Amino acid sequence: MGYGARLAFGCNIGAYFGGIASFSLHGYIWGILALAGTFFALYLRPLFGLSVPKSNDSVC
């Protein structure tokens with residue numbers, strides 16, 4: 001994670017919040033692609049033998 005943050009000149013949260021706060025296009029693109037990646041990963045979970053979380057599951 002540290003190496004990736006160094007390559008990206010910051011962390012992913014900084015890229016998102018900094019990009020949105022400065023009205024930069026990369027912040028909005030990052031947010032959209034992060035959501036798309038989350039839904040894609042949830043789609044792939046059953047292929048690895050993991051269950052998809054339900055809305056009534058506890059957080060911890």
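**Exercise 1. Find which helix has the lowest mean pLDDT and which has the highest.**

Solution. Start with the term: pLDDT is the predictor's confidence in each residue, from 0 to 100. Among the elements of the chain, helix α1 (residues 2-7) has the lowest mean, 62, and α3 has the highest, 87. Averaged over the chain, the pLDDT is 78, and 80% of the residues score at least 70.

Before you go on, note that this is a predicted model, where local features need pLDDT of at least 70, side-chain atom pairs count only at pLDDT 80 or more, and totals for chains, interfaces and linings use all residues. Residues are numbered from 1 along each chain as its sequence is written, and side-chain values use heavy atoms, leaving out hydrogens and water.

**Exercise 2. List the elements of the chain in order from the N terminus.**

Solution. Helices (H or I, at least four residues) and strands (E, at least two) are DSSP runs, numbered from the N terminus. Count them: there are three helices and zero strands. Their order is α-α-α.

**Exercise 3. Decide whether Tyr16 and Gly31 are buried, partly exposed or exposed.**

Solution. Buried means under 20% relative accessible area, exposed over 50%, and partly exposed in between (1.4 Å probe, protein chains only). Tyr16, in helix α2, has a value of 28%, so this residue is partly exposed. Gly31, in helix α3, has 14% and is therefore buried. Now look at contacts, meaning heavy atoms within 4.5 Å. Leaving aside residues up to four places away in sequence, Tyr16 touches Gly27, Trp30 and Gly31. For the chain of 60 residues, buried ones make up 5%.

**Exercise 4. Name the residues of the nonpolar surface patch and give their accessible area together.**

Solution. Like charges are joined within 9 Å, and nonpolar side chains (Val, Leu, Ile, Met, Phe, Trp, Tyr) within 5 Å. Here the members are Leu25, Ile29, Ile32 and Leu33, with about 430 Å² together. Such areas come from the Shrake-Rupley method with a 1.4 Å probe; for residues, only the protein chains shown count as cover. Leu25 lies in helix α3 (residues 25-44) and is exposed, at 60%.

Technical notes
Patch = residues over 30% accessible without salt bridge, like charges linked within 9 Å, V, L, I, M, F, W, Y side chains within 5 Å. Salt bridge = Lys/Arg side-chain N within 4 Å of Asp/Glu carboxyl O.
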